[in-house]
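Hi everyone, thanks for coming along.

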Protein chains: 4
Amino acid sequence: MIKKNLKFGLVGAGFIGRTHALAIHATRQVFADLEYLPVPHMLCEVSAALAEKAARNLGFERSTDDWRKLVDAVDAVIVAVPSQLHREIALNAFASGKHLLCEKPVGLNSEEVEQIRAAAKQSKGCHAVGFTYARAPMIMFAKRMIDDGKLGRLLHFSGRHDEDYLADPDATFSWRQESKVAGRFGVLGDLGYHILSIGRMLCGEVRAVCGLTETFYPERKDGSGTVRTVENEDYAALVGRFANGAAGSFQSSRVARGSKQNLSFELSGEAGTVRFSAERLNELQFYSATDESSTQGFRTILINAAHKPYDSFIPAPGHGLGFNDLKTIEIRQFISAIAEQRSCPPDLDDAYAISKICEAVLQSNAEERWVNLR
Amino acid sequence: MIKKNLKFGLVGAGFIGRTHALAIHATRQVFADLEYLPVPHMLCEVSAALAEKAARNLGFERSTDDWRKLVDAVDAVIVAVPSQLHREIALNAFASGKHLLCEKPVGLNSEEVEQIRAAAKQSKGCHAVGFTYARAPMIMFAKRMIDDGKLGRLLHFSGRHDEDYLADPDATFSWRQESKVAGRFGVLGDLGYHILSIGRMLCGEVRAVCGLTETFYPERKDGSGTVRTVENEDYAALVGRFANGAAGSFQSSRVARGSKQNLSFELSGEAGTVRFSAERLNELQFYSATDESSTQGFRTILINAAHKPYDSFIPAPGHGLGFNDLKTIEIRQFISAIAEQRSCPPDLDDAYAISKICEAVLQSNAEERWVNLR
Amino acid sequence: MIKKNLKFGLVGAGFIGRTHALAIHATRQVFADLEYLPVPHMLCEVSAALAEKAARNLGFERSTDDWRKLVDAVDAVIVAVPSQLHREIALNAFASGKHLLCEKPVGLNSEEVEQIRAAAKQSKGCHAVGFTYARAPMIMFAKRMIDDGKLGRLLHFSGRHDEDYLADPDATFSWRQESKVAGRFGVLGDLGYHILSIGRMLCGEVRAVCGLTETFYPERKDGSGTVRTVENEDYAALVGRFANGAAGSFQSSRVARGSKQNLSFELSGEAGTVRFSAERLNELQFYSATDESSTQGFRTILINAAHKPYDSFIPAPGHGLGFNDLKTIEIRQFISAIAEQRSCPPDLDDAYAISKICEAVLQSNAEERWVNLR
Amino acid sequence: MIKKNLKFGLVGAGFIGRTHALAIHATRQVFADLEYLPVPHMLCEVSAALAEKAARNLGFERSTDDWRKLVDAVDAVIVAVPSQLHREIALNAFASGKHLLCEKPVGLNSEEVEQIRAAAKQSKGCHAVGFTYARAPMIMFAKRMIDDGKLGRLLHFSGRHDEDYLADPDATFSWRQESKVAGRFGVLGDLGYHILSIGRMLCGEVRAVCGLTETFYPERKDGSGTVRTVENEDYAALVGRFANGAAGSFQSSRVARGSKQNLSFELSGEAGTVRFSAERLNELQFYSATDESSTQGFRTILINAAHKPYDSFIPAPGHGLGFNDLKTIEIRQFISAIAEQRSCPPDLDDAYAISKICEAVLQSNAEERWVNLR
């Protein structure tokens, strides 16, 4: 049987755009059971020359500097550009009935996420959001353990996503620190979104939060040496309650010396606890209260064929995946969702809920009070 | 030169009282340079028989079931009984000019801590509080690193003290869950006090907090099978600001499956980060931004002679101390403070500040707002 | 400039063959600076149907059940079939001037490796061997640290490659336990080869060894239930001397419960020590004697752009590679070697030296004596 | 009931002698169920002044510079002086019917150990050897797990005891490098003894070995600047067979940069594997093949009341012991053995067997062959 092609268009070929490109290719060999054959069809960059070079390097058939042409030409659009461009591309894609995989934080603020999400509901296009870590096999397995009751009633979650890419006081001002380009959120939108997506995936909806944000470096020089005001937060911390009765705390920092991909969490339930850190992506720590007391302890579970879809990459246990493989899983899940004509969670609904949590944190900080969600 | 004796009286010979007893003995051989010779003179327990047996086992010269007699008979009083008894003993000790080492949380609430502290200020007696972890060599060394500028400006702290001694839903109701015996705080007073003492020792005064508390098991059966209401929290989480501009988050749980002595923290500054966990008491993780980028990483510093006063226990590096050794350090610091006629921090001033933070968390939870301290 | 194509032929599409297929594809996007464009041209399997299906799944243009046709049709041959077939394919490939990337252990014994290697020397074909772990960025970086003098004079190495794929007493007898298919070596050829290749890469030639081997499960049932004799070792351990004066010990087991990809080593020099485990592929532990004593400790170096060629995969530090990415690096190195008309170490010379070490271990075990190499 | 006193005499108050002194005191309070009351009666050092000072600091009733007087005056003798003095003191003690706790390696060579052991057999004195690590609760628990069948048939052991106290090329020549004082063995006698004692305790008798030794720093300057020849090995590595069919490898180094107390091992059996490192003294790693495959992994078992006699020190789990506590356990075991009129393993029989293994390694190195034991 010949599979139907699914033409992908990639808007943006920076760090994260490039990982999407690699993933589109890789899915074809990694997953033998794809419903459609993903075709890296068109790539859009800010100039025709840049687009052409990136398309050649990344194996795309065509290139353009006009994302509207790309939307027209493909079946599925991947948006991997700064937030200020998300809304227009997304609305256009959905209006054309195209599928959309949008990078987080999705738009400049919750209002934009809501607009995009509303458009999606009117469209036959499917949607996914680049909550890549939520698709890590060991995190999806943690979710399965919860569903299977291995942790019992959930009590408390604590999570963080810290990195240190702006820890250097002399780091250059970039678009990520500029509100009109990156949006209302600083580290919350960049990293906080990830750990919030995982907290919600594992524990459910967040009901109320209080928190604080800090901009430890309020000014930075840009490439030309001009002093610029940093317009969003370097750090945020919050505590909150989940709708299911569990409690939680979250932290996110982009100035945490030594943290490189420190998306980590601990979740305790009545019957056990799991711990994870993305810096050790192929491990899950699990403590089971059902083990006998003399040999109880956190187990370092190494990834194996039971932790889907690791087995599609490698049959042997413990050989490990890298970050780029997570993007391959993301594309694979997106293709399945398209085939099944459904959204691909974590999706725009999740992005919207998370954007509301982030705004509640800003509000809690500003108004010095707890903020209820919904 | 013959050293002057310092007669110790121990009120309470349970788990923690016993560690004080061991420590009084151990200081004599571990520390060659003691200013006074600590003498385990009198031990007080709830019955004469129990007191006599404990005194014999723990090497005390005399025993009593009347703590007033003990206060009269000794130079220094160690209070290791439930919180409801702290105030009366402490006030009595200070009135008699005796030195006091009081276990945390010190009294039933901040008002009592304040009364005890006020009495201390009127007395020639010195005071210390059983903030034992703050005296761990690797934590004191972290403090020294901060003072030496190795972390630069402090940015954010996150810490927790979790255990699982009440994680079993069928665990028996005990005095620790009863407000009139244990005081206003549950896990905050038992474990939270420790991590708050360390956060304050490293980062300074806390200026404002918001937080939440939960009692996940609102009822438990006592020894006789009677269902009892749990009167204080199983879990607390908070975020806050330090006076020096750093931000922080804290968590404490007594129902965290798998956590046995999980007092752990991470503190990031402009120039570096330290990480610690009391479950690996003899290690400190340190990331220095000054290392060259290709070989940068968290170092696992193993305890050695540079981490005072480890060298008094063992000259060889990496051989390690246990929890009981921390109590020996506590007694040794207390003796020095007495010799120098000063208090022995973390002391009653610290206990008072921490009790105010804990009450602010309860208030934040109840009133759904941030609470300023002072 | 249009790059010249380099047609690859893959013989064998099992576990390891498949990773080669993925890697051929991935190199095209991961490495922008490839000298040739690798083309997955032909795939050979034991039947035409199997070959055709594998070729379709793995993105090869053509398929065959005759490896001779494949050799004729391509520029570079990858041999990923059981050892008994290595010699004939390899000799044929070299006779045709084709490049060869052969999986270890290369042939049935050192005599065959020597024949293949001799043929390579007569051919214009370049050669590489599937010593995949030796190409892990953190191990290559360890090599660079040694070359840069960061460890000083090398003193002692200890390494192992343990897995547990035959730890289950009821595991089925397979071709790997049959000498005429898998060759003279059991775990030594399968896993021992890897850690020996790394020991030699870091410390140089091995001069003398003594060691032992064990077959803990001398009989196993095959798929049909027939009891079969296991013809090679489950475990080997050896000590030895390197030509440079360093000492070493090696272990390899295929029955080590809990070891999944436990290729790990520690290498101590006068000035420092490095530690590595493939189960934490993206970390290198480094202890430098030049650090000040109070903050000395093993650093957990997380992979970053300084650890080539990680930056070709991901610009952000700490995001990590998986095992399949190592194969991509292998193909990339092979292409460079072909472009530069040289061999691609670790290569057939290394495989030969290692096969001689393994035979020396068998001899030491049989004759109860040390065995000198050369 | 009044306990009978047991008078201890300590010969040597250096690093390790001092730990014995602390332990004699600590046993009295830590263990409520002691059969005898240990009394630190007399301490012997090389001069009367030194002895008097040490006795005062370490709480001994009397002091002397004549070990014969000490032997006469006490019930039990602890020998913590360099090896050249072991034999004479030990023979004298046994001749007087005194109990003996001798530090390893016990005498200058196996002949001396044999003489001491023969004397013990003629004496009513009980004997123990300072194999302190073998008494670590988590190692004794590993032994219990083996006895309970949790590992199944034992397959292979690998262990090491590495430190770096002589890693500095400029470290001063000391008595430990001088054969006539320290004995035939260098690091084998100092550290190797420990890991060999544990290997034998867990796996039983060693039947044959081959190995190598190296003196990487053949000359060092002594305190006066005179260049001295290092007379024993800095490093040893060996492989061997246990009588029960298991295989093993051992390493010991005193020049291993970064290793501080790296006594570590891994033992794999048919049903599971345990891993231990004395640098994390309060943890045991355990992998059980009986766990279900999706949640299988090494468990980090933290010390708790099930790991005897930890509960005598602290009732709460995970609070941890330090190295000095191991000496307290050693004294406690010795007292029990005396009360039961038996030897206290690991004892002189073990020391003798281990001295024979070490000599076999030297012989294997010299004669380039395997050496059988017995």
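The link of Cys210(C) and Cys210(D) is right-handed, with 105° about the S-S bond. Cys210(C) sits in strand 8 (residues 206–214) of chain C and Cys210(D) in strand 8 (residues 206–214) of chain D, so this pair joins two chains. Helices and strands here are DSSP runs, helices being H or I with at least four residues and strands E with at least two, numbered from the N terminus. The sulfur atoms of Cys210(C) and Cys210(D) are 2.4 Å apart, and a disulfide is a pair of cysteine sulfur atoms within 2.5 Å. Both Cys210(C) and Cys210(D) are buried, meaning under 20% relative accessible area, where over 50% would be exposed and anything in between partly exposed (1.4 Å probe, protein chains only).

A word on the ground rules. This is a predicted model, where local features need pLDDT of at least 70 and side-chain atom pairs count only at pLDDT 80 or more, while totals for chains, interfaces and linings use all residues. Residues are numbered from 1 along each chain as its sequence is written, chains are lettered from A and ligands numbered from 1 in the order in which they are written, and side-chain values use heavy atoms, leaving out hydrogens and water.

How many disulfides does a search of the whole structure find? Two, over all chains. The other one I'll show you is formed by Cys210(A) and Cys210(B), with sulfur atoms 2.4 Å apart. Cys210(A) is in strand 8 (residues 206–214) of chain A and Cys210(B) in strand 8 (residues 206–214) of chain B, so here too two chains are joined. Cys210(A) is buried at 0% relative accessibility, and Cys210(B) has a relative accessible area of 0%.

Cys126(B) is buried, at 4%. In chain C, Cys126(C) is in no disulfide either, with the sulfur of Cys344(C) 8.7 Å away.

Let's finish with the sheet in chain A. Strand 1 (residues 4–11) pairs with strand 2 (residues 36–44) in the parallel sense over eight bridges; pairing takes at least two bridges found by DSSP.
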